[in-house]
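Thanks for coming, everyone. I have one structure to walk you through today. Please keep it on your screens as I talk.

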Amino acid sequence: MHVLLIGPPASGKGTQGRLIAARFAVTYLSSGEILRKEVAAGTALGQEVAADLAAGDLVPDDLMLEVLRAPLEAALTSGGYVLDGFPRNVAQALELAAYAAQLGGAPEAAVWFDVEDAELLRRTRIRALAEGRVDDVDAVARHRIDVYAAATAPLIDYYRAQHLLIRIDAAKPVDEVTAVVLAALEPFVTMPN
């Protein structure tokens with residue numbers, strides 16, 4: 001299974017991505033988690049992207065693919081991936097498609113978590129309190145949603161044109177979203193012989 005998760009911040013990609021990966025025994029890869037770990041560890045890459053993350057801006061395309069190469073290769077050797085937070089724009093989608101195809105793991109589906117802005121802001125406030133994420137404070141969260149609308153939302157039409165898009169009403173309760181997502185992805189499961 002080779003699945004991408006697309007949606008604005010706090011749309012439920014992380015929650016659902018972990019559940020999808022567990023259900024179908026594939027690797028869950030979160031670009032945001034990988035980057036936050038680099039920042040926390042104080043690596044050279046972490047220092048390079050810290051300001052972008054804190055401001056709610058996108059990390060440059062070349063750095064994103066660099067940081068995901070090794071995890072993506074590892075995921076493909078262990079059965080597949082659920083990739084959360086990458087690609088973030090059409091240029092990254094083209095790069096990912098070419099790179100993943102070389103490895104035999106081109107995306108098979110792009111799950112779009114559709115949620116209204118007011119609900120996203122409510123969720124980010126809760127997450128900011130619960131997890132202490134600096135990228136979830138109101139001003140930064142609003143900026144992240146605006147960046148998503150400008151840079152990432154065009155992926156919806158891109159993947160729709162490729163017949164890979166699966167739209168999910170992600171404003172519903174977690175269990176309802178999970179049931180719909182798992183049912184939608186069932187056809188993409190390759191069972192071992």
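Both faces of strand S1 are covered. On one side sit His2, Leu4 and Ile6, and on the other Val3 and Leu5, and all of them are buried. The strand spans residues 2-6, and five of its five residues are buried. Keep in mind that this is a predicted model.

What does S1 pair with? One partner is strand S3, residues 81-84, in the parallel sense, over four bridges. There, His2 has Tyr81 as its bridge partner. Another partner is strand S4, residues 109-114. That pairing is parallel too, and it has four bridges. In S4, Ala110 stands opposite Leu4.

Now the core. A general point to start: in soluble globular proteins, nonpolar side chains tend to be buried together. Here, the largest nonpolar core has 32 residues. Which residues have the most contacts inside it? They are Tyr81, Leu83 and Tyr159. Several elements give two or more residues to this core: strands S1, S3 and S4, plus helices H2, H3, H4, H5 and H8. Helix H4, residues 61-77, gives the largest share, eight residues. There is also a second, separate core. That one has 25 residues, including Tyr28, Ala109, Ile166 and Val177.

Which residues of H8 are buried? Leu155, Ile156, Tyr158 and Tyr159. They cover an arc of only 165° around the axis, so they sit on the same side of H8. Turn to the face away from that buried side, and you find the exposed residues Asp157 and Ala161. The buried residues pack against quite a list: S1, H5, S4, helix H7 (138-152) and strand S5 (165-169). Just after the helix comes His163, with a positive phi of about 60°.

Stay with the two tyrosines for a moment. The count of aromatic pairs comes to one. Tyr158 and Tyr159 form it, and the geometry is edge-to-face. The ring centres are 4.8 Å apart, with 80° between the planes. Are these two residues buried or exposed? The cut-off for buried is under 20% relative accessible area. Tyr158 has 16%, so it counts as buried. Tyr159 has 3%, so it is buried as well.

Arg69 lies over the face of Tyr99, at 4.7 Å from the ring centre. Arg167 lies over the face of Trp112, at 5.9 Å from the ring centre.

After the helix comes Gly42, where phi is positive, near 70°.

One more residue in H2 is Glu33. Its relative accessible area is 24%, so Glu33 is partly exposed. Leaving out residues up to four places away in sequence, Glu33 touches Arg18 and Tyr28. For a sense of distance, take Glu33 and Ala118. They are 85 residues apart along the chain, and their C-alpha atoms are separated by 24 Å.

Last, some backbone details in the loops. Where is Pro87? In the loop between S3 and H5. A cis peptide bond joins Phe86 to Pro87, with omega about 5°.

Ala10 is found in the loop between S1 and helix H1 (13-24). Ala10 is not a glycine, yet its phi is positive, near 75°. With a relative accessible area of 10%, Ala10 is buried.

Ala25 lies in the loop between H1 and S2. Ala25 also has a positive phi, about 55°, although it is not a glycine. Is Ala25 buried or exposed? Exposed, at 60% relative accessibility.

That is my tour. Let's take questions.

Definitions and conventions. Residues are numbered from 1 along each chain as its sequence is written. Side-chain values use heavy atoms; hydrogens and water are left out. Rings of Phe, Tyr and Trp (its six-membered ring) pair if their centres lie within 6.5 Å; planes under 30 degrees apart count as stacked, over 60 as edge-to-face and the rest as tilted. Buried means under 20% relative accessible area, exposed over 50%, partly exposed in between (1.4 Å probe, protein chains only). A charge sits over a ring if NZ of Lys or CZ of Arg is within 6 Å of the ring centre and within 35 degrees of the ring normal. Two strands pair if DSSP finds at least two bridges between them. A nonpolar core is a set of buried Ala, Val, Leu, Ile, Met, Phe, Trp, Tyr and Cys residues joined through side-chain atoms within 4.5 Å. The arc is that of the directions from the helix axis to the C-beta atoms. Contact means heavy atoms within 4.5 Å.
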